[in-house]
Amino acid sequence: MGLKGREFMEKEKGINKQLLLLIMATGVFSILNTEMGFIGILPYIAENYQVTVVQAGWLISLFALGVAVAGPTMPLIMSRFNRKWVMVFILGLFTVCSTIAVFAENFYVLLAVRVLPAFFHPVYCAMAFTVAAGLAKTGEEPKMIAKINMGVAAGMVAGVPISNFLAEQFSLAFSMAFFALATWLVMLATLYFMPSMPVKEQLGYGEQLAVLKKPMVWASIAAVIFLNGSIFGVFNYLAEYLGVVSGIAPSLISILLLVYGLCNVGGSMLAGNLLTVRPLMVVKIFPLAVAVIYIALLGGGSIWPVMGLIVVLWGLLGGINANINQYWIASAAPEAPDFANGLFLTAANMGCVLGTTVSGHFIDAWGTQYVVLGGLLFCLLAALTVWVQCYRQRSNPQLMVQTEQ
């Protein structure tokens with residue numbers, strides 16, 4: 001994992017690794033902030049453009065669809081170009097599109113400049129993961145990648161409240177201008193401080209696509225879908241659960257959601273060390289740990305102190321989950337890191353959609369309290385998939401490169 005990302009490091013001995021990681025983590029934050037921030041301003045968009053909230057929701061769903069479609073294709077296409085200039089281009093594209101959005105008077109113009117950069121979202125993230133792995137000593141790649149995932153978690157935490165606050169206190173245009181400012185600043189930092197990162201040993205598209213012939217890659221994709229479904233299938237209904245089942249006041253719900261997000265950041269930090277020391281054990285135990293949280297929800301979801309503790313532990317697991325997902329697919333296809341990271345992003349999005357849909361059916365059938373049954377179902381599927389993979393790996397170590405330390 002990270003072999004291609006390590007190429008440029010062989011020549012750039014004096015490079016400041018921490019500065020590079022900070023720039024890329026901030027870049028991922030700015031892109032995720034742009035993605036998630038629109039959730040916080042949907043009502044303002046609906047009012048400003050005279051559309052329904054459902055129509056305004058296209059800005060979210062079509063962006064997610066663009067990421068899912070581009071995940072396995074765009075990182076593959078862009079993998080042969082100098083990574084520095086690809087990152088500069090993508091950050092510049094996000095900046096230009098967000099700037100146009102500030103002045104857009106037509107909803108469909110806003111929709112167009114919203115969706116266009118979505119196709120490049122997985123390229124930046126995939127390259128950031130690859131380069132971060134290349135900065136690490138052999139065997140310590142998860143620690144570096146965890147720092148990029150902290151940017152992902154921070155973007156998801158901060159995007160919604162920041163955009164909502166700016167729109168409420170100032171204006172919708174001011175809120176969208178913040179997205180442009182964030183990506184512009186990171187683009188400048190990338191331009192001036194990041195060294196050139198040409199890909200010296202280019203893998204052909206056919207060579208990268210060849211990893212899809214490996215059964216372990218498909219099993220890893222399935223595992224990521226189930227792992228992400230186990231988390232987001234329930235989390236996406238957390239606000240409703242806290243209000244309907246736990247009976248918590250709306251103001252306190254907002255605080256708990258923020259706590260969950262902050263714990264995601266902490267979970268990412270923790271995951272880097274755990275996956276470096278005992279990766280297979282962590283991955284095998286993870287679905288069981290999430291299942292314990294959901295069983296606790298069934299028994300104590302209506303008890304406020306218990307619910308607060310559950311949210312903290314659940315948030316930590318959510319941060320660990322993102323790192324496990326990236327690690328599991330990247331380990332199955334170390335020879336094509338950019339393509340593998342693109343597959344990870346697509347599988348993670350598919351898991352989010354599938355988990356949310358299945359858990360929604362449990363709510364429709366039995367009520368909000370039983371949303372956790374959807375999460376438990378995905379925990380079971382994830383555990384079975386991961387355990388079978390680990391058993392096959394022990395039988396044939398060549399199936400996956402990354403092994404227990």
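A: Begin with the bounds: domain bounds come from an automatic or database domain assignment. This is a predicted model, and its assignment gives domain 1 (15-202) and domain 2 (211-399). The C-alpha centres of domain 1 and domain 2 lie 23 Å apart.

Q: How many residues of domain 1 and domain 2 are in contact?
A: In domain 1, 27 residues are in contact with 26 residues of domain 2.

Q: What area do domain 1 and domain 2 bury between them?
A: The size of an interface is often given as the accessible area lost when the parts come together. Here domain 1 and domain 2 bury about 2100 Å², with 70% of it on carbon and sulfur atoms. On the domain 1 side, H4 (58-70), H5 (74-78), H8 (121-134) and H9 (141-169) are helices that each supply at least two of the residues touching domain 2. H9 gives the largest share, 10 residues. Sorted by class, this side of domain 1 has 19 nonpolar, five polar and three charged residues.

Q: How many polar contacts and salt bridges link the two domains?
A: The rule finds four residue pairs in polar contact across the interface, while the count of salt bridges between domain 1 and domain 2 is zero.

Q: Which side chains meet in a salt bridge?
A: The structure holds one salt bridge, in which the side chains of Lys214 and Glu335 meet at 3.4 Å, N to O. Lys214 lies in the loop between H11 (205-209) and H12 (215-235) and Glu335 in the loop between H16 (304-332) and H17 (337-366), so the pair ties together parts 121 residues apart in sequence.

Definitions and conventions. Residues numbered from 1 in each chain as written. Predicted model: local features only at pLDDT ≥ 70, side-chain atom pairs only at ≥ 80, totals over all residues. Heavy atoms only, no water. Contact = heavy atoms within 4.5 Å. Buried area = accessible area lost by both parts, 1.4 Å probe. Salt bridge = Lys/Arg side-chain N within 4 Å of Asp/Glu carboxyl O. Polar contact = N/O pair within 3.5 Å; in protein donor to acceptor, adjacent residues only side chain to side chain. Helix = DSSP H or I, 4+ residues; strand = E, 2+ residues; numbered from the N terminus. Nonpolar A, V, L, I, M, F, W, Y, C, P; charged D, E, K, R; others polar.
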